[in-house]
Structure formats: C-alpha cells, structure tokens
Amino acid sequence: MELSIVIGDPKTGKSYHIKKDLKPFIGMKIADKVRGELLDLTGYEFEITGGSDYAGFPMRKGIESQRKRILISGKTVGFKRKLHKGERKRITVAGQMVHDKTAQINLKIIKYGEKPLDELLGKEENKKENAKTQ
C-alpha cells in the first residue's frame with residue numbers, strides 16, 4: 001500500500017510531497033524519529049508530526065486506538081471552530097500510531113543532509129521546465 005508523505009522544511013517554509021511504501025512506517029508514532037535512508041534521503045533525519053487516515057481523520061498524540069471519538073473544548077487537532085464559553089464538542093480522531101489504514105504522514109526535518117531537498121527530489125528540474133513553458 002502506498003503512503004503520502006509531506007516533508008516540511010522549517011528553514012525555508014517549503015513542503016515536499018512524495019509517495020513511498022507504507023510497510024517501513026507501520027508501528028511508528030507521532031514524535032518518533034525517522035532516518036532519511038527510509039525515504040532515500042541520506043543524511044537527513046525527520047520527526048513525525050501528524051497525519052491522517054484513509055477517511056481523512058487527523059492523527060492525534062495520546063490516542064492509542066486506531067480511531068476514537070473524544071470530547072474537546074476549544075481549538076485543537078481536527079477542530080478549528082471557536083466554541084462558546086463552556087461549550088464542548090465530540091469529534092473523531094485517528095490514533096497516534098501509523099497503521100495499515102494510514103493515508104498520509106507529516107514529517108519535519110530535524111537534521112539536514114549535504115544536498116538540498118530540491119536537488120534530491122528533482123524539484124529543481126520541474127521549476128526549469130515550468131519556466132520554459134510559460
């Protein structure tokens with residue numbers, strides 16, 4: 001099964017989207033470290049910051065089951081609306097562990113490699129091609 005991976009670069013504010021096999025990530029949790037070799041990005045190190053399952057429910061740290069309905073009171077993962085004072089809302093969230101029904105995970109770069117990600121992922125070529133066609 002294929003997994004969408006979104007890599008966020010805190011230095012530049014850019015994000016990169018790649019697709020990889022899900023199997024090496026099964027069992028990892030939010031805040032776990034991921035070696036760049038799993039993504040063919042030697043020298044890099046990443047941290048899992050979140051994700052979502054096949055139905056679009058966001059992963060939430062602290063939830064051990066695959067999916068759960070939780071009671072919240074304010075802005076939080078999976079709910080951005082403002083609630084009135086004292087109002088609470090029950091929402092559905094996915095658990096913190098990557099499993100076979102996870103569709104996407106978000107990674108943050110914590111250790112940079114020698115080459116920039118633009119070069120490793122082939123994004124530089126796309127920019128040049130787009131510039132030529134316009």
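Two strands count as paired here if DSSP finds at least two bridges between them, and the strands themselves are DSSP runs (E, at least two residues), numbered from the N terminus. What I am showing is a predicted model, in which local features need pLDDT of at least 70 and side-chain atom pairs count only at pLDDT 80 or more, while totals for chains, interfaces and linings use all residues. Residues are numbered from 1 along each chain as its sequence is written, and side-chain values use heavy atoms, with hydrogens and water left out.

With that in place, strand 3 and strand 4 (residues 45-53) pair in the antiparallel sense over three bridges, and Lys33 stands opposite Glu47 in strand 4. This pair belongs to an open sheet of five strands, in the order 2-1-7-4-3, with mixed pairing. Strand 2 (15-21) and strand 3 (33-35) each have a single partner strand and stand at the edges, so one side of each is left without a neighbour in the sheet.

Let me turn to two residues. Ser4 lies in strand 1 (residues 2-8) and is buried, with a relative accessible area of 13%, where buried means under 20% relative accessible area with a 1.4 Å probe and protein chains only. Leaving aside neighbours within four places in sequence, Ser4 is in contact (heavy atoms within 4.5 Å) with His17, Ile18, Lys19, Ala103, Gln104 and Ile105.

Thr76, by comparison, sits in the loop between strand 5 (67-72) and strand 6 (89-94), and is buried at a relative accessible area of 16%. With neighbours within four places in sequence again set aside, Thr76 is in contact with Arg60 and Ile91.

How values were computed
Helix = DSSP H or I, 4+ residues; strand = E, 2+ residues; numbered from the N terminus. Buried < 20%, exposed > 50% of the residue type's maximum accessible area, 1.4 Å probe, protein only.
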